[in-house]
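Colleague: Please take a close look at a single part of this model. Start from one residue, go on to what lies around it, and end with the chain as a whole.

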Amino acid sequence: MKSILENALKVSDSAEVYYREGFSTTVSIERGKIKEILSNKKNEVSLRIVKNGNMGTAVATSIEDETLIERALISLKHQNSQPIEFPNEPMSEVYSDSAEVVEMTTEELVTLAKDVSSRLYQAAPEVATGVSVTKEVKSVRLMNSSGFDDAYVFTNVLLGMNTYNEKGFHGASKEYSGAKIPNVRQADIDRLIERHKLDEKPVSLGNEKMPVIFTGNVMGALMLRVLGGVNGGNIVKELSPMCGKIGTQVFSDKITIRDDGGMPFGCNTFKFDDEGTRARNTLIYENGILRNYLLNVGQATKLSLKPTGNGVKRTLFSKEIEDAPTVFETNLVIEGNSIPDQALIGKVKRGLLITSVMGAHTGNIIQGEFSLNISSGFLIEEGQLTGKVKGCMISGNIYDLFKNIEGLGSEYEVMRSVFYNMGYSPMVLFNEANIVGQ
């Protein structure tokens, strides 16, 4: 890496070399039998150079690729890309990896998956179930001409368990994600089976307004809209309704949202982002008041603010080396005064518990609009789940919905954003939402 940087500086004003190597293994069990074991390994390198007020980029699958600098110069010549000043700031220690996961063998991964599958069978032998466990280990190093040279290791274990209905489709599900091996509680298994059995009691709804609870995992569909509003790119382009709203009460005072890149053993914890900015714990909404935007280096410079450590090589659908560092979440955390989950459900006389949706990536995300198919939801009557709702949608705007928060649950789940996990949230009870029925 050092030689690449030194040679790049011979033909440019400044440069950055980003290198990562990753390895993952997935074990899948379906109906008690191993379905597949898949492994994947990648070595990737990215070079960014700045010359005469323009920036060029090239990527490769080997650090020995001698054409990297030449291709970066060609990129610089034929495209107009805004340059940035590569950062170099003191780093803080973070806990982004677990030695237990690094050393975990494929056989141990199989044993973990089989153990969870066996526990599901013991809880309900008559229910068809599936288990998937993925171990990921990633090493990242970044060097730039400003003097930055640091590295970190990232680990993640993604464990999912689900049931199948009589037609073979997925029923209830539960997912864990973090740098350590998760603790699969018996209470989670029992709840999974309980919700699966409610599938045998289908109920239909018409068009109506009612209280709605989003479980922690499905809150990710709404948080995509929240992030769209505070994304520095949308702020710079003046596309977001949150432009100029710092210090304004936007949501209910019952909710606080932060983005913590240095969360110990989180699902997206890192030492520094993909531009070299130190991981930060950024308060986005404090008791509903907008406090900060999420910014990469270029956006922060344009707004005369500080970068928040959210420059990530990602798009909504990919995490590839060629993706330019744009703004994405690290470990989003939703907080507030909480009560036990069952007590939160017990507050609802008639409403809906939503555990899965489709269409999270559709609609005008930046403006906060949503129209989601409820793929898994349960009718609440007098504080009890009474049946599974079929053929319904929920629609609205998060800037209306988040003003009417009644309360939060106490058990945190990993939030999913289309294809990726984005942090942790408890159940959230909204006073009223628009349900579109059959």
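Modeller: Apart from its neighbours within four places in sequence, Asp149 is in contact with Arg141, Leu142 and Met143, where contact means heavy atoms within 4.5 Å. The model is predicted, so local features need pLDDT of at least 70 and side-chain atom pairs count only at pLDDT 80 or more, while totals for chains, interfaces and linings use all residues. Residues are numbered from 1 along each chain as its sequence is written, and side-chain values use heavy atoms, with hydrogens and water left out.

Asp149 belongs to strand β5; helices (H or I, at least four residues) and strands (E, at least two) are DSSP runs, numbered from the N terminus. With a relative accessible area of 41%, Asp149 is partly exposed. Here buried means under 20%, exposed over 50%, and partly exposed in between, with a 1.4 Å probe and protein chains only. Leu303 is 154 residues away from Asp149 along the chain, and 27 Å separates their C-alpha atoms.

Strand β5 (149-164) also takes part in covering the buried residues of helix α5, as do α4 (106-123), β6 (170-178), β15 (350-358) and β16 (369-381), among others. Helix α5 spans residues 186-197, twelve in number. From first C-alpha to last it reaches 17 Å, close to the 16 Å expected at 1.5 Å a residue; the expected span is 1.5 Å times one less than the number of residues. The buried residues in α5 are Asp188, Ile189, Leu192, Ile193, Arg195 and His196. Viewed down the axis of α5, these fall within an arc of 165°, so they line one face of the helix. The arc is that of the directions from the helix axis to the C-beta atoms. An α-helix has 3.6 residues a turn, so residues three or four places apart point the same way.

Next comes strand β4. Thr129 lies in β4 (residues 128-144) and is buried, because its relative accessibility is 6%. Beyond its neighbours within four places in sequence, Thr129 touches Ile29, Glu30, Arg31, Gly32, Leu120, Asn162, Thr163 and Tyr164.

Two loop residues deserve a note on backbone angles. Most residues other than glycine have a negative phi. Phe265 is not a glycine, yet its phi is positive, at about 60°. Phe265 sits in the loop between β9 (256-260) and β10 (281-286) and is partly exposed at 25%. Ser304 likewise is not a glycine and has a positive phi, of about 55°. Its loop runs between α8 (297-303) and β12 (311-313), and with 68% relative accessible area Ser304 is exposed.

The model has zero disulfides, a disulfide being a pair of cysteine sulfur atoms within 2.5 Å. Cys267 is buried at 3%, while Cys243 is partly exposed at 26%.

As for the whole, the protein chain has ten helices and 22 strands. Of its 438 residues, 53% count as buried. Among contacts with a separation of 6 or more, 71% join residues 24 or more positions apart.
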